[in-house]
Amino acid sequence: MKKTIFITGASSGIGKATAKLFAAKGWNVIATMRKPENETELNLLDNVKLLPLDVTSLEQIQDITQQALALGPVDVVFNNAGYALLGPLEAATDEQVVRQMETNFLGVVRVTQAFIPSFRARKAGLFITTSSSAGLMAFPVSSMYDASKWALEGWSESLSFELSQFGIGIKNIEPGLVATEIGDKSVTVSHPEYDELANKFFAAISAPGMGVSSSEQIAEVVYEAATDGTDTLRYV
Ligand code: NDP
């Protein structure tokens with residue numbers, strides 16, 4: 001029987017590449033994104049179903065989860081939606097700080113909560129989350145982004161203790177730099193007192209020779225995590 005993956009943030013980058021790879025491997029793909037009406041590639045694939053989902057909306061998460069499960073069992077949930085709030089903390093508004101955590105951390109928590117009952121009932125299922133190397137190390141002028149990914153790391157490890165007894169797996173993907181639309185979709189704030197540090201950091205991560213992966217390479221890691229049958233927590 002065909003397996004099904006549910007993906008958040010499938011409109012671009014890692015999420016989109018993962019949707020395409022799993023569809024090519026013969027999986028059913030439920031590709032969620034904020035504006036499925038703008039999608040012009042995934043909607044042409046036979047085994048891909050597009051659904052609207054903004055992971056900051058609890059109501060929409062609950063509704064879309066039910067719609068997805070009404071189509072049949074979901075085997076893998078790929079919690080991937082996210083963006084970066086970059087710049088010094090002093091320059092960020094409270095709204096920007098809250099939104100970073102609501103998207104990158106609470107979005108994952110809420111989607112996971114919505115799927116746990118169906119996974120527990122089937123005694124099967126796997127949650128894969130796009131964390132980051134920024135979930136394992138700290139970088140300057142990205143404290144809230146780093147915090148959102150560090151939160152995911154501790155949360156995942158703790159959650160694996162309570163879900164493994166039901167045959168439910170938890171895995172995190174921790175990429176370094178990946179060529180995606182994240183740069184364009186990030187929110188950057190600044191303050192002149194921090195410009196020197198910020199400029200140094202941004203120059204360092206865009207220097208020639210910095211290893212940059214493609215979305216397709218990360219999609220392959222997601223596929224490995226989904227199919228390797230291990231209980232490995234971290235895919236660095
Ligand atoms: P992209 O910007 O290309 O993709 C991000 C995706 O997340 C888009 O589909 C975007 O949708 C979606 N998204 C953002 N906010 C929301 C929201 N509130 N609800 C639903 N979807 C949302 O970047 P990446 O592919 O790089 O990012 C994917 C994940 O990878 C993120 O979690 C990111 O933190 C992580 N990551 C990225 C790295 C990199 O260097 N690129 C490195 C390590 C981790 P929309 O089109 O509507 O904005």
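The model you are looking at is predicted, so local features need pLDDT of at least 70 and side-chain atom pairs count only at pLDDT 80 or more, while totals for chains, interfaces and linings use all residues. Residues are numbered from 1 along each chain as its sequence is written. Helices (H or I, at least four residues) and strands (E, at least two) are DSSP runs, numbered from the N terminus.

Two packed helices are described by the angle between their axes and the distance between the axes. For H2 and H3, the axes come within 9 Å and cross at roughly 35°; such axes are lines fitted to C-alpha atoms over the stretch in contact, and angles run from 0 to 180 degrees between N-to-C directions. Here Leu58, Ile61, Gln62, Thr65 and Leu69 in H2 meet Arg110, Val111, Ala114, Phe115 and Ser118 in H3, where contact requires C-beta atoms, placed from the backbone, within 7 Å.

Now look at H2 by itself. It covers residues 58–70, and its 13 residues reach 18 Å from first C-alpha to last, close to the 18 Å expected at 1.5 Å a residue (1.5 Å times one less than the number of residues). Which residues of H2 are buried? They are Ile61, Ile64, Thr65 and Ala68 (buried means 20 or more other C-beta atoms within 10 Å, exposed 12 or fewer, partly exposed in between). These four lie on the same side of H2, because they cover an arc of only 110° around the axis, judged by the directions from the axis to the C-beta atoms. An α-helix has 3.6 residues a turn, so residues three or four places apart point the same way. The cover over the buried residues includes strands E1 (4–7), E2 (28–33) and E3 (48–52) as well as helix H3 (94–122). Turned away from the buried side are the exposed Glu59, Gln66 and Ala70.

H3 has another partner. It packs with helix H4 (residues 143–163) at about 20°, their axes 9 Å apart, which makes the two roughly parallel (under 35 degrees; over 145 is roughly antiparallel, 65 to 115 roughly perpendicular, the rest oblique). Among the contact residues are Val108 of H3 and Leu152 of H4.

Those names return at Thr129 in strand E6 (residues 126–130): Thr129 touches Asn79, Val108, Leu152, Ser156 and Asn172, leaving aside residues up to four places away in sequence. Thr129 counts as buried because it has 26 C-beta neighbours inside 10 Å.

Notes: Contact = placed C-beta atoms within 7 Å.
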